[in-house]
Protein chains: 2
Amino acid sequence: MLSIETKRGTEWLAGAGLRPTRQRVALAELLVGDGQHRHITAESLHAAATDQTDGVSLATVYNTLKAFSEAGLIREIMVDGTKSYFDTRVDDHPHFFWEDEGHLTDAPKEQLEIASLPDAPAGTEIAKVDVVIRLRRT
Amino acid sequence: MLSIETKRGTEWLAGAGLRPTRQRVALAELLVGDGQHRHITAESLHAAATDQTDGVSLATVYNTLKAFSEAGLIREIMVDGTKSYFDTRVDDHPHFFWEDEGHLTDAPKEQLEIASLPDAPAGTEIAKVDVVIRLRRT
DNA sequence: TTGAATGCAAACGGTTTGCAGTTTC
DNA sequence: GAAACTGCAAACCGTTTGCATTCAA
């Protein structure tokens, strides 16, 4: 069908207590509408939104990504320094970063076995562990 | 003694085939002069250089960090997104990132055991594996 | 002497913000 | 109606760059 599905995205927002505005629903659909995980940047998401009938301003894309991120709906991944990347999958899992193309994909979590991890120093706890496997074309 | 030691830094530069200009030697000394590893940002290094008699312009700090990094003398660590961090220790090892203070320290490498790592996808090889343990105050 | 390195200031690029107008509840 | 959200444009801030000057070899 041609009509835009908005159910999943709306529920996703509701689960985080975020108001389902037109813009947020549109972005949420682009992010989780088909149930797949995605890696995006503000720029790529803005471009995707612009391709649709409902556009969303770049500033709102930034504000929304920040809001989603603070609500725990998405996670920011630090790989590039010049750009922010976000992942719709929020559990700890390793990433491949394709240095030549500057894009990010999930690495199979089952294939990563961490037998032991350094202890958190006194007075601190581990908030998250980022594992980024940087790839280069051979 | 009060005189500024410049031997180690000068040799360090020579080893990478970089000209030992006054500025580079000063920065190299600040980085490896005492044989200890350091985690720095352009800003912190510039501040440290300014505290000395020999100042170095901020642009030169940036250019120099880039040159050192390309020469393999230091390594850039991606943790913050808003700032670039560099490490004078260049082997693969895990880091603690103290989210509250925004600073970086080495995590004990012996305590990290990776039993298995995802395979590099066809046509690629692993350039490096970044492990960042993000800490939060309890 | 000559190519490389430096420093200043201006440019850059991704991100944030102030504020007026709009929308959700 | 009140509070939250949006969009525009301007501000921001770490970083890079153009170019004239200085320096190492």
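Modeller: Start with DNA strand C. It is surrounded by 17 residues, and the closest are Y62(A), S84(A), T21(B), Q23(B) and T60(B). A residue is near a strand if one of its heavy atoms lies within 4 Å of it. Of the atoms of DNA strand C that come within 4 Å of the protein, sugar and phosphate account for 80%.

A word on the source. This is a predicted model: local features need pLDDT of at least 70, side-chain atom pairs count only at pLDDT 80 or more, and totals for chains, interfaces and linings use all residues. Residues are numbered from 1 along each chain as its sequence is written, chains are lettered from A and ligands numbered from 1 in the order in which they are written, and side-chain values use heavy atoms, with hydrogens and water left out.

Now the polar contacts, that is, pairs of N or O atoms within 3.5 Å. In chain B, the side chain of Q23(B) has an N or O atom 2.7 Å from a sugar or linking oxygen of DNA strand C. In chain A, R19(A) points to a base instead: one of its polar side-chain atoms lies 3.3 Å from a base oxygen of DNA strand C.

Which elements supply this surface? Two or more residues each come from α4 of chain A, and from α2 (22-32) and α4 of chain B. Helices here are DSSP runs (H or I, at least four residues), numbered from the N terminus. The largest share, four residues, comes from α4(A). By type, the surface near DNA strand C has five nonpolar, seven polar and five charged residues. Ala, Val, Leu, Ile, Met, Phe, Trp, Tyr, Cys and Pro count as nonpolar, Asp, Glu, Lys and Arg as charged, and the others, Gly among them, as polar.

Turn to DNA strand D. It has 17 residues around it, and the closest are T21(A), Q23(A), T60(A), Y62(B) and S84(B). Sugar and phosphate make up 82% of its atoms within 4 Å of the protein. A polar side-chain atom of Q23(A) lies 2.6 Å from a sugar or linking oxygen of DNA strand D.

Note on methods:
Polar contact = N/O pair within 3.5 Å; in protein donor to acceptor, adjacent residues only side chain to side chain.
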